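Take a look at the protein below. This report goes from the whole chain to one of its sheets.

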Amino acid sequence: MLPTVKTKTSTPCASILDAIGNTPLVSLSQTFKAYNFNVLGKLEAANPSGSLKDRTSLSILREAMLLGLVKRGDTIIESSSGNMALGLAQACLYYKLRLIVVVDPKLNAQTEKLLLAYGVTIDYVTKPHPEDGYLGARLCRVKELLDKIPNSFWTNQYENPKNPETYLVTMDEIYNALDAPLDYLFVAVSTCGTLMGCAEYIQRNGLPTKLIAVDAVGSVLFGNEKSNRLIPGHGSSVKSHFLRKEFVYDSVKVTDLDCVEGCWNLLHSEGILAGGSSGGAISAIKKYARNIPKNSTCGMMISDRGERYIDTIYNKNWILDNFEVSNPSFLKND
């Protein structure tokens, strides 16, 4: 039996930014119908710009404005593979702030179009850092821009403590919506802000929830050498400032193809068009299934929408061009 999910009535929002958060929990019973445990997805894709990074963006900007570090007309600078950029784009437009986002060639074409629609200045790095890959190159470029542009502020999702702190609220939403704690929570990692915010909530409240990190093959966060990855926003080529492994029960590595397959599985089984890290979490739960006791309740983040991956993850030709699969069975809607 799934724990009861409580429903809440909505009230009018004063602005689009007040619509961020209080995202629904969705049972993924069809995706995991062959398994003897239950899975709930926190639908962060329902945030107004389409991802959980809406929360991070708003939290960091509001504190910076409250402290007088940022004022109307200033320039915000950030490095992003997509979701943080879109969250900031929405908030900056509302607060009348200029935004420069440093990106690399892995940026999705759809995300690029969205950022341009928001009026964002996109600054491209074209060569990876010799040791720290494209992320390292982006961070170097951010520092260059900060030195050159007056009245500029780096939101710094990689080290700003408001990043993990934001997800204490997310976790509170999850646990207030349930009548029993989760047994397992699977969280895809990149900056590790979401992961460690979840970890802190679990520790503070003495919860029995086992936290499972979902990392990418080719990421350095949970071991192994870095290598090229196709799915942005998942994994990292540099170590995390936030990560404290002692608070993480276990980790699962997923490949790019695992992410793609998980996305299509979620789409065909639940009608949810989600991004790559969500597909990675779906595959991670299935890989980890033998370790999950019968009748357990698991949670995961459905981190972002799939529309921005329509030319990649949801494009059959792209899949055939990038993976050694001739006729992928996961593309069939049985």
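## Overall build

Helices and strands here are DSSP runs, numbered from the N terminus; a helix has at least four residues and a strand at least two. This is a predicted model. By that count, the protein has nine helices and ten strands. Its radius of gyration is 19 Å, close to the 20 Å that the globule rule gives for 334 residues, so the protein is as compact as a globular protein of that length. The C-alpha trace spans about 60 × 45 × 35 Å along its principal axes.

Of the 334 residues, 57% are buried. The accessible surface comes to about 15,000 Å². Carbon and sulfur atoms hold 49% of that surface. Among contacts with a separation of 6 or more, 71% link residues 24 or more positions apart.

## The annotated domain

An unreviewed UniProt entry annotates residues 16-304 as "domain: Tryptophan synthase beta chain-like PALP". Over this stretch the chain is 37% helix and 17% strand. The end C-alpha atoms of the stretch lie 17 Å apart.

## A six-stranded sheet

Six strands form an open sheet with mixed pairing, in the order β1-β2-β10-β7-β8-β9. At the edges stand β1 (25-27) and β9 (250-254); each has a single partner strand, so one side of each is left without a neighbour in the sheet. Neighbouring strands are turned by 25 degrees against each other on average, direction ignored.

β1 and β2 (residues 38-43) run antiparallel, joined by three bridges. S27 has L40 in β2 as its bridge partner. Helix α6 (residues 193-204) packs on the sheet. This helix touches β7 (184-188), β8 (210-216) and β10 (297-302). The direction of α6 makes about 175 degrees with that of β8.

Methods:
Residues numbered from 1 in each chain as written. Predicted model: local features only at pLDDT ≥ 70, side-chain atom pairs only at ≥ 80, totals over all residues. Heavy atoms only, no water. Pairing = 2+ DSSP bridges. Axes fitted to C-alpha atoms, helices over the stretch in contact; angles between N-to-C directions. Contact = heavy atoms within 4.5 Å. UniProt positions renumbered as here; feature names shortened; annotations may be inferred. Rg over C-alpha atoms; globule rule 2.2 N^0.38 Å. Buried < 20%, exposed > 50% of the residue type's maximum accessible area, 1.4 Å probe, protein only. Areas by Shrake-Rupley, 256 points an atom, 1.4 Å probe, with all protein chains shown as cover.
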